[in-house]
Amino acid sequence: MLGNNIIELGRTVAIVQARMGSSRLPGKMMMGLCGKPLLYWVLSRVKKSTLIGSVLLATSDKAEDDPLEEVAFQLHVPVFRGSENDVLGRFRKAAKSVSAEKIIRICGDNPLIAPEEIDRLVASYSSILKQGNCSERLYAFNYGPQMGNNYPDGLGGEMFSFKLLQKLDK
């Protein structure tokens, strides 16, 4: 049943946003967690999702983010590099670079991201689209108490279409 969702959703891409220039905790993406950088855990867990077509790391074009690209390279995750200041523009350009139709946005500082929750989000999104009353305006998420799931923040993501992302970027 879930396998059909992949075909119906077309090009579904999980985009992980990460950079080294955090104001609250600079360099956190490369800080060690059980012997590996934080970003390693995020990317490797997102890759375990069965309902996404691919994973992409979106980071800045600053040299300080070169180590993030190296971690992604080791995990065979493609990287898009763009403006540090225009985060939404970077995200849109990253999605466009891989011809994404549907996007799952993942924060890079969530090492406990759950692949099962990514799959649940994709399946729910697909189910709502089948009802036909939302089309490109649909925004879905499965984190925080808003969903009534009592999950701690960091297990889920956000999902929307590339067309919606383009509209928001305008």
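Among contacts in the protein chain between residues at least 6 apart in sequence, what percentage join residues at least 24 apart? The figure is 66%, where a contact means heavy atoms within 4.5 Å. Here are some notes to read alongside the model.

1. **Ground rules.** This is a predicted model, in which local features need pLDDT of at least 70, side-chain atom pairs count only at pLDDT 80 or more, and totals for chains, interfaces and linings use all residues. Residues are numbered from 1 along each chain as its sequence is written, and side-chain values use heavy atoms, with hydrogens and water left out.

2. **Overall build.** The protein chain has 6 helices and 8 strands. Helices (H or I, at least four residues) and strands (E, at least two) are DSSP runs, numbered from the N terminus. Read from that end, the order of elements is α-β-β-β-α-β-α-β-α-β-α-β-β-α. Of the 170 residues in the chain, 48% are buried; buried means under 20% relative accessible area, exposed over 50%, and partly exposed in between (1.4 Å probe, protein chains only).

3. **Helix α6.** In α6 (residues 162-169), the buried residues are Phe162, Leu164 and Leu165. They sit on the same side of α6 because they cover an arc of only 155 degrees around the axis, the arc being that of the directions from the helix axis to the C-beta atoms. Their cover includes α4 (87-97), β6 (102-107), β7 (139-141) and β8 (158-161).

4. A salt bridge is a side-chain nitrogen of Lys or Arg within 4 Å of a carboxyl oxygen of Asp or Glu, and the structure holds 9 of them. In one, the side chains of Asp169 and Arg92 meet at 2.4 Å, N to O. This pair links distant parts of the chain, with Asp169 in helix α6 and Arg92 in helix α4, 77 residues apart. Asp169 is partly exposed at 24% relative accessibility, whereas Arg92 is buried at 19%.

5. **Arg19 and Glu84.** These two side chains also form a salt bridge, at 3.2 Å from N to O. The partners are 65 residues apart: Arg19 is in the loop between β1 (12-17) and β2 (32-33), and Glu84 is in the loop between β5 (79-82) and α4. Arg19 is partly exposed, with a relative accessible area of 29%, while Glu84 is buried, with 19%. Both belong to a network of salt bridges that links Arg19, Lys62, Glu64 and Glu84.

6. Arg120 and Glu117 meet in a salt bridge at 2.7 Å, N to O. Both lie in helix α5 (residues 115-131), 3 residues apart, about one turn of the helix. An α-helix has 3.6 residues a turn, so residues three or four places apart point the same way. Arg120 is partly exposed at 33% relative accessible area, and Glu117 is buried at 11%.

7. **The largest pocket.** Its volume is about 270 Å³. A pocket is an open set of points on a 1 Å grid over the protein atoms alone, where a 1.4 Å probe fits, with protein on both sides within 12 Å along at least five of seven lines; lining residues have an atom within 4 Å of a point. The volume is the space filled by probe spheres set on the points. Among the lining residues are Arg19, Lys28, Arg90, Arg105 and Asp109. By class, the lining has 4 nonpolar, 3 polar and 5 charged residues. α4 and β6 each supply at least two of the lining residues.

Methods:
Ala, Val, Leu, Ile, Met, Phe, Trp, Tyr, Cys and Pro count as nonpolar, Asp, Glu, Lys and Arg as charged, and the others, Gly among them, as polar.
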